[in-house]
Amino acid sequence: MLGIFKRLFGKKEEETGRMFVIAGLGNPEKKYFGTRHNVGFATIDALSDKYGIELTETKFKAAFGKGRIGNERVILVKPLTYMNLSGEAIRPICDYFKVDTKEELIVISDDVELDAGNIRVRPKGSAGGHNGLKSIIAQLGHSEFNRVRVGVGKKPKEYDMVDWVLGHFEGEDQVSIKEGIDLAASAVVEIMENGVDSAMNKFNGKK
């Protein structure tokens, strides 16, 4: 009898409550893997590996997978649109799964204003010159979604910005970014479990 009640209430819990869309930004071609612009994809990979959520579905101009992290239902997403059109993948997924984009959308992107491996959690804000975030804001019609920005290092003066973000990490930054990706994945979980304010207090500025 106890087993029956567990199954009934367990099923009810799965079918109700929140569902988070966790979207990491990047470019889909192999040549972009490991670049500064693709740390969002790398963080999705880290979450996928840790929680056993494979991105096996391709629809809405994205690769995605459904699963659970703790008590939360989640959809891990990699847009396949290229960075500048990220919103064209994220908006349809959020619409289809009836996700509250102001509460249940978490976007992970790179940040050239932060040292490699540092992260910054925010509940809203401007695109800050990031074309992927700019596309999402345009598609959603608002900028009040949770975001985790992963520092990839400030551009040296002699570099063009495109060359910098599409370049690979070197030297100590290779170690720092691995730690930063792990921190970003942990920050995503903290947002879901304890709210964005808790994640900001716990992770902002941490390396």
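Trainee: How many salt bridges does the count come to?

Mentor: Eight salt bridges, where a salt bridge is a side-chain nitrogen of Lys or Arg within 4 Å of a carboxyl oxygen of Asp or Glu. This is a predicted model, with local features needing pLDDT of at least 70, side-chain atom pairs counting only at pLDDT 80 or more, and totals for chains, interfaces and linings using all residues. Residues are numbered from 1 along each chain as its sequence is written, and side-chain values use heavy atoms, leaving out hydrogens and water.

Trainee: Which residue forms a salt bridge with Arg18?

Mentor: Glu72, with the closest N and O atoms 2.2 Å apart. The pair links distant parts of the chain, 54 residues apart: Arg18 is in the loop between helix 1 (2–15) and strand 1, and Glu72 is in strand 4. Helices (H or I, at least four residues) and strands (E, at least two) are DSSP runs, numbered from the N terminus.

Trainee: How do strand 1 and strand 4 run, and how many bridges join them?

Mentor: Strand 1 (residues 19–24) and strand 4 (residues 72–79) run parallel, joined by five bridges. Ala23 stands opposite Val77 in strand 4.

Trainee: What is the strand order in the open sheet?

Mentor: The order is 2-3-4-1-5-7-6, seven strands with mixed pairing; two strands pair if DSSP finds at least two bridges between them. Strand 2 (57–59) and strand 6 (119–122) are the edge strands, each pairing on one side only.

Trainee: New topic. At what angle do helix 2 and helix 6 cross?

Mentor: Roughly 65°, and the axes of helix 2 (residues 39–51) and helix 6 (residues 172–194) come within 9 Å. Axes are lines fitted to C-alpha atoms, for helices over the stretch in contact, and angles run from 0 to 180 degrees between N-to-C directions. That makes helix 2 roughly perpendicular to helix 6, the term for 65 to 115 degrees.

How values were computed:
Parallel < 35°, antiparallel > 145°, perpendicular 65-115°, else oblique.
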